[in-house]
Amino acid sequence: MGSTRLAQGFCHVCRSKLFPLFIVFHRVFVRTFTFSFRIHCHIRRDHRESGAPAYEKENAGRSRRKERPLINSSTLDCDKLRSLPVGSFGAAYMNFLTANGVSPDTRKRVHFVDDEELAYVMQRYREVHDLIHTLLGMKTNLLGEVAVKWVEALQFGLPMCITAGIFGPVRLKPKHRQLYLSTYLPWALQAGHNSRFLLNIYFENRWEQPIQELRREFLLPDPPLAAATNSYDRRLLETNAG
């Protein structure tokens, strides 16, 4: 009954004079937060580059923005990635996709952003979301998603990430909420605050690199054992725990 009334109300809004105002508000909102995202990225990148650490001397961020690579099933050689050694980032990414039932084509294209460069930055953020999941060792369940959103919120400053981090845990069951407060949240805050800027990673050049080495390079802590997404992570974490 409630869902029927909600659908009827939405249809009424669509037929009313308020609908054009809703479209305008949506476009203004998208443009506002994407513009703030672009400013945040430039500030963050300039701050990071001022120290000129080795990984940023490669100018991976500038090179990626110039070449504008896309991540989808037509640009990835999934068979080659699956054949990479266990423990490599590419193999871990393939394991993540299989274990969580997602594909490189899951992320939708960006709309309502007129600036070409800004649209690509937002598209890149969407497409590397699962790669960040893989790098962080987080599953796509609610615990994993909330943890990733906190890392992205601290790294990118996106309003939707902040909102998801704050309100997402409300949906957790009591036992999961305790695990979130005791393990996932402290870990995510540490990862988001202390790690290097993840959106600057040129992931396409990192497939063969050991995932643990990549984590160390970008100052990421090991994922908690409960979050291990593949056998390599689990063996590694169990060894570290022992």
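At 0% relative accessibility, Cys-161 counts as buried; the term means under 20% relative accessible area, with exposed over 50% and partly exposed in between (1.4 Å probe, protein chains only). Cys-78 is buried too, at 16%. The structure holds zero disulfides, a disulfide being a pair of cysteine sulfur atoms within 2.5 Å.

This is a predicted model, in which local features need pLDDT of at least 70 and side-chain atom pairs count only at pLDDT 80 or more, while totals for chains, interfaces and linings use all residues. Residues are numbered from 1 along each chain as its sequence is written, and side-chain values use heavy atoms, with hydrogens and water left out.

Now the overall fold. The protein has 13 helices and zero strands. Helices (H or I, at least four residues) and strands (E, at least two) are DSSP runs, numbered from the N terminus. Of the 242 residues, 45% are buried. Contact means heavy atoms within 4.5 Å. Take the contacts between residues at least 6 apart in sequence: 70% of them join residues at least 24 apart.

Two packed helices are described by the angle between their axes and the distance between the axes. Helix α9 (residues 142-156) packs with helix α10 (residues 159-167) at an angle of about 140°, and their axes lie 8 Å apart. Axes are lines fitted to C-alpha atoms, for helices over the stretch in contact, and angles run from 0 to 180 degrees between N-to-C directions. That angle makes α9 oblique to α10. Angles under 35 degrees count as roughly parallel, over 145 as roughly antiparallel, 65 to 115 as roughly perpendicular and the rest as oblique. From α9 come Val-146, Lys-149, Trp-150, Glu-152 and Ala-153. They meet Cys-161, Ile-162, Ala-164, Gly-165 and Ile-166 of α10. The contact residues divide into seven nonpolar, one polar and two charged. Here Ala, Val, Leu, Ile, Met, Phe, Trp, Tyr, Cys and Pro count as nonpolar, Asp, Glu, Lys and Arg as charged, and the others, Gly among them, as polar.

Next, step back to helix α8 (residues 129-136). It is mostly covered, with eight of its eight residues buried. Just after α8, Gly-137 takes a positive phi of about 75°.
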